[in-house]
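Thanks for coming. I will take a few minutes to walk through one model, strand by strand and then pocket by pocket.

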Amino acid sequence: MTAQLSTSPLLARPGAVPASGPDAAVAAHYGDPMREQRLLAEGLAVVDLSHRGVVTVTGPDRLSWLHSLTTQQLTDLAPRVGTETLLLSPKGHIENALHVVDDGETTWITVEPGAAPALVEFLDRMRFMLRVEVADVSGQYAVLGEPIGAPSVPGEPLAWVDPWPGPVGDTAVYGPAEAHPAQGRAWRELIVPRAELESAIGDRAVAGLWAAEAERVQAWRPRFGAETDHRTIPHELDWLRTAVHLHKGCYRGQETIARVHNLGRPPRRLLFAHLDGSGHVLPVPGSEIVHAGRSIGRLTSVARDHVDGPIALAVVKRNTPVDVELTTVPVGDEAPVTLAQTVVVEP
C-alpha cells in the first residue's frame, strides 16, 4: 500500500480525534464515541470514509474482464447493485478486496486506504487487447458510510450496498447459515465528489470510525488488512459467503478455493470474542493469543461496543478448542486480557 490521501476536512470539526494507522486521515471519533455508535445503530448518523480509494473501469468489456480476474460472478451485474469480489494470488491468498457497483456505463470500485494505486497497476498489466480503461479517481471522489440497505436511485449519488452476510449466489458458508448476527444489517458506501463531501452529509450527525468498526466487529464482517495477512484464504474468514462464486470459471487462485472447499477445512478460523474489560487499556490489533502456553493466533480487530463493551475479532489455528478462554500476550506494560470466544468459522 502507498501513502494515503490528505486528511479529511471533517477532522476540522470540533472534538474530532484522528484515527491511527491506515485510518489516520479520518476521525476515530468526535468527542463521544459511545453516543456516536448509538446514533449509527439507530440509522441517524453517517461515517467519513473519505480515505478509501476509488477506482473506475470503463469500456464495454469491463464487467467480463473483472469477472475473469476475481472471485465473484460479475458478468450479469445489474446497474446500482452492489457486490464484492476478491483478488487472489496464484496460491489463493487474498491480495485485495473490491467493493463493486456499476452505473451502466462505469464500474466503480472502492478499496482500503492506500490500496488503489496497486490495484490500478495490476489491472493495467492485465488489460491486453480488451476494451477497458482504468483510473484512480481517489483525488476526485470520496466515500461516506451510511446505515442504509437500499440501492441509490437515479438522481442520487451512486452507492455500494454491502451484501454481508449474504449468502450471495452459488457459494458456501463456513459460519452459521441462519441466525447470523449481521442478518438484517444495513450498510452502504456513498460515492460523492470530494469537493461535495460536506454538502453530502448535510445536517446529519457524523459518527467516527470507532463507531463503524464496533458495528463491523459485531457483524463478524472481515476487513482486508485487518483480518487478513499474507497467507489468508477466504475460507478462514467465512468470506466465501459474499465474495466467492464457486462455479464461475477460471480465475487466479481458484484451485485453492476449490481444493479447500471440496477436500478439507482451512488451517485457521475467525472467531468473535468478548474481552475482559476490567483494565483501562485494550490490547492492540496484532496482539498474540495463547492457550495452554502455546501461541495459537492473533487479535485482528478490537473495538468498544456501546452495549457489550470491549469486543474483538481474532484468527486462530483451526484446532483451537472452542470451549476455552484464551489470553493475549501483553505488549509493554499492558496486562494479559482474557477472551471469551464465540465460534464464527467452524473448526
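How many residues of strand β7 (residues 106-111) are buried? Six of its six residues are, and the strand is mostly covered. Buried here means under 20% relative accessible area, with exposed over 50% and partly exposed in between, using a 1.4 Å probe and protein chains only. Strands are DSSP runs of E of at least two residues, helices are runs of H or I of at least four, and both are numbered from the N terminus.

Before going further, the basis. This is a predicted model, in which local features need pLDDT of at least 70 and side-chain atom pairs count only at pLDDT 80 or more, while totals for chains, interfaces and linings use all residues. Residues are numbered from 1 along each chain as its sequence is written, and side-chain values use heavy atoms, with hydrogens and water left out.

Back to β7. In a regular strand, side chains alternate between the two faces of the sheet. On one side of β7 we have Thr-106, Trp-108 and Thr-110, on the other Thr-107, Ile-109 and Val-111, and both faces are covered.

Now its partners. Two strands pair if DSSP finds at least two bridges between them. Strand β4 (residues 53-58) runs antiparallel to β7 and is joined to it by six bridges; in that pairing Thr-56 stands opposite Trp-108. β6 also pairs with β7 in the antiparallel sense, over four bridges, and here His-99 is opposite Thr-110. The hairpin of β6 and β7 has three residues between the strands, and Gly-104 in the hairpin takes a positive phi near 100 degrees.

Next, the barrel. Which strands close into it, and in what order? There are six, in the order β13-β16-β15-β14-β17-β18, with antiparallel pairing. From one strand to the next the twist averages 40 degrees. Axes are lines fitted to C-alpha atoms, for helices over the stretch in contact, and angles run from 0 to 180 degrees between N-to-C directions. Strand β13 (residues 268-275) and strand β18 (residues 338-343) are joined by five bridges and run antiparallel. Leu-275 stands opposite Leu-339 in β18.

Helix α5 lies across β13, β15 and β16 (309-317), and runs at about 125 degrees to β15. Another helix, α7 (residues 254-263), has Gln-254, Thr-256, Ile-257 and Val-260 as its buried residues. What covers them includes β5 (83-88).

On to the pockets. The search uses a 1 Å grid over the protein atoms alone: a pocket is an open set of points with protein on both sides within 12 Å along at least five of seven lines, whereas a cavity is a set where a 1.4 Å probe fits but cannot get out, and lining residues have an atom within 4 Å of a point. Grid points are joined across faces, edges and corners, and volume is the space filled by probe spheres set on the points.

The largest pocket holds about 800 Å³. Its lining has 32 residues, and Ser-20, Trp-210, Glu-213, Pro-285 and Val-302 lie nearest the centre. The elements giving two or more residues to this lining are α1 (33-41), α5 (209-218) and β15 (294-305). α5 gives the most, with seven. The lining divides into 21 nonpolar, five polar and six charged residues. Nonpolar covers Ala, Val, Leu, Ile, Met, Phe, Trp, Tyr, Cys and Pro; charged covers Asp, Glu, Lys and Arg; the others, Gly among them, are polar.

The second largest pocket has a volume of about 660 Å³. It is lined by 34 residues, with Arg-185, Trp-187, Ala-212, Glu-215 and Arg-216 closest to its centre. α5 again gives the most to the lining, this time six residues. By class, the lining has 17 nonpolar, four polar and 13 charged residues.

Last, some backbone details. Where are the cis peptide bonds? One joins Trp-164 and Pro-165, with omega about 10 degrees, and another joins Gly-166 and Pro-167, with omega about 0 degrees. Pro-165 is in the loop between β10 (159-161) and β11 (188-193), and Pro-167 lies in the loop between β10 and β11.

Arg-80, not a glycine, has a positive phi of about 70 degrees, and lies in the loop between α2 (62-69) and β5. Asp-238 has phi near 60 degrees and is found in the loop between α5 and α6 (240-243). Asp-238 counts as buried because its relative accessibility is 1%.

Notes: Contact means heavy atoms within 4.5 Å.
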